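Please consult the sequence and the structure shown here before reading the points below.

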Amino acid sequence: MLSVSCLSALLLHTLERRMADAGNKESAPIGGDEFTNTELENNKNNTMVEEGSTLLRRMEISVAEAEKRTGKNTVNMQEIFTVYLIETRPIDAITEGHNPAPDSLWRRYSEFEILRNYLLVTYPFIVVPPLPEKRAEFVWHKLSADNMDPDFVERRRVGLENFLLRVASHSVLSNDKILYHFLTEEHRWKEVVYETGFQAKADSRIKALSATFRVKNPDKRFTEMKHYSDELQSLTSQLLRVRARVADRLYGVYKVHGNYGRVFSEWSALEKEMGDGLQSAGHHMDAYAASVDDMLEEEEHYADQLKEYLFYAEALRAVCRKHELTQYELETASSDLISKKQQREELATGMVRTFSFKGMTNKLFGQETPEQREAKLSLLEEQIVQGEETVTEKTVECEEYVKGAWVDMQRFKEQKDRDLREALIGYAVMQISMCKKGIQVWTNAKECFHKM
Amino acid sequence: MSAGTPKSLASSGQKPIQEICHPLGAEETASVLTPSPDVGNTITSIGGKDLSLPNGTPVETSSPASSSSHLNRLQLDDDLDGETRDLFVTVEDPKKHVSTMETYITYMVATKTTRVEFDLPEYSVRRRYQDFDWLRTKLEDTQPTHLIPPLPEKFVMKGVVDRFSEEFVETRRKALDKFLKRVADHPVLSFNEHFNAFLSAKDLNKRLGLALLSKMGESVKYVTGGYKLRGRPVEFSAMGDYLDMFTQKLGTIDRIAQRIIKEQSEYQVELREYGPVYTTWALSEAELQGPLEGVASCMANCSSALDELTQDMSEDFLPVLREYVLYIESMKIVLKKRDNIQAEYEAKLEAAAFRKEEKASCTQVPTDVEKCHDRVECCNADLKSDWDRWQNNKRQDFRQLLTGMADHNIQYYEKCLAAWESVIPLLRDKQPQETETEED
């Protein structure tokens, strides 16, 4: 598990990457070598010397640009879609003083989705970072809900980069081969990922997540975590809804002040001495009304941060549910085993412990032959052996799951506390800036009124 | 004007009027009424700020803090050709009176003066709206060529407005105060005998009877005079045009201000739902609990700051704006009266010329015509000087009004800024990490 200081450093790195613009455009490709499993293992071991090393330590990643493309979709119809440029550079080369051009490839949103689904299925005990929203939601009136809107595309680009950085800095996820291919192999990647057979697992996962079953001995910590994830989901979505309405109203307040600009201008034409002061004040009112657009656009960044955790809550919930499922399977296997053992005992001793229909019919219609009983017994023995194996497997599976999931949930909790604190600070800073601008404009207007 | 035991206001559990901290509160009133060396001489402002209306209306009549420096703010207005101020009038201390017949509000009218036309240097009388209305009518009748400042609206719809609410009474008091100050400020109107009576008479009703009824008839004639005007001097046409356009602008500003208040209220509604979500969220969190609650309380502060802004605009801004529309109406009436006087003169002049043709000598007619001519000249002169004065006052009033609007907004943003700035250290301050629970 990464130490807090490492995480902070990575977060800082992430923030810096986010703030920096697109990388260089010189040309010097990274070697497209594929890492074998052993090599990856070695890499992991080697780099484990430096605690908590991840892909991001070795490679600079960014989603530099977005472009529109046209193409045929699955039903052979023309469509317009957006592709995003992923750029990567080895950090070694940079620190050694070279300045290689980044490797790059284009990916569309749906490919990111495939990658994420693969990760969800392959690492069910990890709270997998979410993608930015597929469609614009929680929009306030003036913002468009259009996926082609340039502001939306830009925010999505940032969100996709954020996703990659989070995944590439995760102690477990960052070592995934498919992830590496996603970042480096433009064309064959889809085939490779489908070859893993994750799609089938993905389908059953979805079924499992929505299934209802009762766990006899739930792990309290996971139950609490699941409950928390529900709260987080409900609260963040409520917050986002209300925030959008607040933004709407604030927009209205500012824009109406623009009318003052017009009427002051008209009025100033009627006046002699008061004219200049009025006219200038009117300009300030116009500026005031116009200022709200930028301010609210900036606030969208805060909304995006909240959205990320809205979706994170879903991922967290899935981890808890998967635990429940695993636990349930273990319990089912255990009780199956117990009932099989009981059956064996009954057959062996002839004593009926539990009521069974078979037992009743036997009594009514006559017992079976010794040969039949022998056959049944040996079958049961086999099943019991299998059952015991299954129970052992499931127990191990459960224990490992719990271990891995608990570690990642703790990591997630710390990350969440950090990120949301930063988000709140950012929000407060935005509000402060807005207040200062307000004071400035009205002070300017006041000076103009004074000169009337 | 009996002062029965003042009763508390019944409506909506608001504070009784006499408990309201008034701009000139009890202590202040005493200091205003006792003759001091300052009052009666020219007073320059402290700090050189042009803060007040010509007759010393304080800028912030609503905040108790400013009232303590009320006297300090009285200032010689440079635009009034260096007049020495020797008459100070204020309207304060509204009280509710309940009798079997009716319930009404009276206001204390306090006067300080060194003028010889007054018997005493100080007066303190109680007047009700009716009395102000009487005064205005009398001034209109006796000074037909002058612009009389307007009164606040007489009638209020009983269902819509609470006549005894704190806000309504205070708004009205401010307007009445302004009315008297404008009259006291006027070089001609302030010497009017009815104004004197209004300020000084113990019982106004007695003197009502002696009304100069004869003059009443004339005023009616002036307004409804059936003479047709031939050639209005350009300057008066220009005045009329200006007033028309200005009224329009004021109407627009009024609508905008109302719209802003409405939008702010709707913003407020959403804001009131927004903050509490953070509070609810805080309950589910451990380390984030402090920051989230901090944000929630910050928003609550911003919300109440917005309340204050909206209220200030409703109480300070809109009424003054509306009162100016009334002022303009009065001005238009004066212009019309002037037109009538001129028309009358022109008609008489024409008639005289016609008669002169018929009879060779007729001495009486020219005198009559001359009188009319004098009246016209007088009226024009009065009107011109009143117009200049009005323009000046208008400039000052709007400067004050708009500056006040800017101030209210600045204060609002300053309050919000303070709230958000104070929450930043709370957000940054990390609590000591809790120890992790053991894994299974």
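In strand β3 of chain B, B:Arg127 is the bridge partner of B:Tyr107. The model is a predicted one, in which local features need pLDDT of at least 70, side-chain atom pairs count only at pLDDT 80 or more, and totals for chains, interfaces and linings use all residues. Residues are numbered from 1 along each chain as its sequence is written, chains are lettered from A and ligands numbered from 1 in the order in which they are written, and side-chain values use heavy atoms, with hydrogens and water left out.

**Sheet of chain B**

- Strand β2 (residues 103-113) and β3 of chain B run antiparallel and are joined by 7 bridges; helices (H or I, at least four residues) and strands (E, at least two) are DSSP runs, numbered from the N terminus.
- The open sheet of chain B has 3 strands in the order β1-β2-β3 with antiparallel pairing, where two strands pair if DSSP finds at least two bridges between them.
- Because β1 and β3 (122-128) of chain B stand at the edges with a single partner strand each, one side of each is left without a neighbour in the sheet.
- From one strand to the next, the twist in this sheet averages 20 degrees; axes are lines fitted to C-alpha atoms, for helices over the stretch in contact, and angles run from 0 to 180 degrees between N-to-C directions.
- Helix α5 (residues 166-185) of chain B lies across β1 and β2 of chain B and runs at about 150 degrees to β1(B), contact meaning heavy atoms within 4.5 Å.
- Helix α6 (residues 193-200) of chain B lies across β1, β2 and β3 of chain B, at about 90 degrees to β3(B).

**Sheet of chain A**

- Chain A has an open sheet of 3 strands, ordered β1-β2-β3, whose pairing is antiparallel.
- Its edge strands are β1 (59-72) and β3 (103-108) of chain A, each pairing on one side only.
- Strand β2 (residues 78-90) of chain A pairs with β3(A) in the antiparallel sense over 6 bridges, and A:Ser104 in β3(A) is the bridge partner of A:Glu87.
- Helix α6 (residues 150-168) of chain A lies across β1 and β2 of chain A, running at about 135 degrees to β1(A).
- Helix α7 (residues 177-184) of chain A lies across β1, β2 and β3 of chain A, at about 100 degrees to β3(A).

**Backbone with positive phi**

- Most residues other than glycine have a negative phi.
- B:Asp93, in strand β1 (residues 87-98) of chain B, has a positive phi near 55 degrees.
- A:Phe138, in the loop between α5 (109-122) and α6 of chain A, has a positive phi of about 55 degrees although it is not a glycine.

**Interface of chain A and chain B**

- The contact takes 62 residues from chain A and 63 residues from chain B.
- The area buried between the chains is about 6,000 Å², of which carbon and sulfur atoms give 69%; buried area is the accessible area (1.4 Å probe) that two parts lose on being put together, summed over both.
- A:Arg249, A:Tyr260 and A:Arg421 supply 12% of the area that chain A buries against chain B, more than any other three residues.
- The rule finds 10 salt bridges across the interface, a salt bridge being a side-chain nitrogen of Lys or Arg within 4 Å of a carboxyl oxygen of Asp or Glu.
- A:Glu273 and B:Arg395 meet through their side chains in a salt bridge (3.8 Å, N to O).
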